[in-house]
Amino acid sequence: MSGISPERDHQQAQPPGVQPPQRPRRDLRYGIIIARPFGIPVYISPYWFLVAVLFVLFYANSLPRGLGSIHSDGVRYAVAAAFVILLFASVLVHELSHCVVARAFGLTVRRVQLYPLGGFSEIEQEPPTPAREFAVSVVGPLTSLALAGLGWGLYVALSPTGIPRVLIDQLILANLVLGAFNLLPGLPLDGGRILRAGVWKLTGRPGTATIAAAWAGRALAVALVAVPFLMLGGRLSLTNTSVLWLAVIAVFMWMSSGQAIRAAKVRDRLPGLQARRLARRAIAIPGNIPLAEAIRRADEAQARALVVVDHDATPIAIVNETAVMATPPQRRPWIDVGSLARALEPGIVLSADLSGMELIEAVQRSPATEYLLIEPSGQVFGVLATSDLDRAFAGV
C-alpha cells in the first residue's frame, strides 16, 4: 500500500499547546535511514524487518520444489529474499516518483517511510491546485504499472526460465497489484487523492474534497472486510492469511481516513482562530499591589486578564491565571500580584492580527499559558489565553 502524506496536515491536526515535530535529520521514531536518493531520507520501520522475515518464510514455502534450479531450502529462501527486496524496491521507486513530481512543483519533501504495509511520502505542503494534486498522486500508480510493463518486456525479450522467470513473474505481479490497488478511489490510497483532486476541481472546496475522498476510503475498508464473505456468493474461498491481510489493510484504511476527516474539519476551523476575537480584555497594574486588589480592579473593569507594568506604564509581565485560581481567597490580600506573573519574553508577545495557522505556529514556538497581544502601533490590545485557543481549536 502506498500514499502521500502532507506533513502540514498533521501539524494542523495537533492542538495548539502541542509542539510539532521538528524536521529530523536522523530520528529513531521513524526507523532506520537506509538511503538518501535525491537528498530525501528513506526510513524503514523496525517492524518492516519482522514482516520481511515472515514474507520470506511464507513465500519460500509456497515455491514448488523442482522448479528449475530451485531444489534446496537454501536456494528457496534466497529466491524468497530476492523477491521481498524487489517488492520493497518497487514500493520505494513508487514513492520516489511522488517526491520527484512534488519537488518539481516546489513542494518540500521531508522523508519517505517504508513500513510493513507499503510506504508513504511525507510532503510538507499540499499541492496548491487540483491539477497539481492529481499529477503528484497519479504518478505513483503509473510508475508501478510502468515497472510491471518493464518486467513484461524483460520476459518477452529474454524468455527466462528457472529462478529469473520466477522473479520476473513476481515483479510483474507485485507492481500490477501495487499500481491497480493504489488507483482505488479512497484515502489514504493514491486513488483517493486523485478523487480528492476531482472533487476539489468541481466544488472549489479542498476541505469538502478531502472528506468525500476519506469517506470513499472508509467504504473501501468495509468492502475489503466483506470480500471474503461476498465473493461469488461465498463459492470462492480465501486462505486465512489472505483474510488476515485484508482485515489489517481495512483497519489501516479506516483509521487513516478518519484522520483525514478530522484534519479537514480542523482546517475548516482555522479561519475562525483569530487572536483579536479570542483575546481577553486586560488591565494594567503595578506588580507590588495585593492580588485581592488586582482582582477587584479587574472585576470593576470587566477584564479577565492582568498585565503588570513598570513605573513608565510599560508592560513587563502577565499574571498567570492558573496561579491566581490556585491562591486561596484568604491569602490574596497578602500576596503581591507580581509574584504570580511571568516576565514578558519575545515569544509570548504576539501581534493581535495573527490568525489561523500563523497563530497556532506562533503559540507552538513558545509554549505559555498567556500571551500579550499588541497592535501594530505597539499598544496593548489584550491577552490571549492558551485555554481559550484550545477550546476554539477543538470547536467547543
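## Close-up views of the predicted chain

View 1. Helix α12 spans residues 356-365, and because seven of its ten residues are buried, the helix is largely enclosed by the rest of the structure.

**View 2. The chain as a whole, for orientation.** The chain contains 13 helices and twelve strands, and 46% of its 396 residues are buried. Of the contacts between residues at least 6 apart in sequence, 64% join residues at least 24 apart. The accessible surface amounts to about 19700 Å², and carbon and sulfur atoms account for 64% of that surface.

**View 3. The largest nonpolar core.** This core comprises 33 residues, and Val84 and Val112 are those with the most contacts inside it. Two or more residues are contributed by each of β3 (42-44), α2 (46-62), α3 (73-104), β4, α4 and α5 (162-182), with α3 supplying the largest share, twelve residues.

**View 4. The contacts of Val112.** When neighbours within four places in sequence are left aside, Val112 is in contact with Ile40, Pro41, Val42, Tyr43, Leu92, Glu95, Leu96, Cys99, Phe120 and Ser121.

**View 5. The salt bridge between Glu124 and Arg110.** The closest N and O atoms of Glu124 and Arg110 are 4.0 Å apart, and the two residues form a salt bridge. Glu124 lies in the loop between β5 (118-123) and α4 (130-158), whereas Arg110 belongs to strand β4 (residues 109-115), so the pair ties together parts that are 14 residues apart in sequence. Both partners fall under the 20% limit for burial: Glu124 is buried with a relative accessible area of 14%, and Arg110 counts as buried at 12%.

**View 6. The salt bridge between Arg296 and Glu300 in helix α10.** Arg296 forms a salt bridge with Glu300, and their closest N and O atoms are 3.5 Å apart. Both residues lie in α10 (residues 291-300), where a spacing of four residues corresponds to about one turn of the helix. In an α-helix there are 3.6 residues a turn, so residues three or four places apart point the same way. With a relative accessibility of 40%, Arg296 counts as partly exposed, while Glu300, with a relative accessible area of 61%, is exposed.

**View 7. The salt bridge between Arg391 and Asp388 in helix α13.** Here the closest N and O atoms of the salt bridge between Arg391 and Asp388 are 2.4 Å apart. The two residues are three places apart in α13 (residues 386-393), and are therefore separated by about one helical turn. Arg391 is partly exposed, its relative accessible area being 38%, whereas Asp388 counts as buried at a relative accessibility of 11%.

Definitions and conventions: Residues numbered from 1 in each chain as written. Predicted model: local features only at pLDDT ≥ 70, side-chain atom pairs only at ≥ 80, totals over all residues. Heavy atoms only, no water. Buried < 20%, exposed > 50% of the residue type's maximum accessible area, 1.4 Å probe, protein only. Contact = heavy atoms within 4.5 Å. Areas by Shrake-Rupley, 256 points an atom, 1.4 Å probe, with all protein chains shown as cover. Salt bridge = Lys/Arg side-chain N within 4 Å of Asp/Glu carboxyl O. Core = buried A, V, L, I, M, F, W, Y, C linked by side-chain atoms within 4.5 Å.
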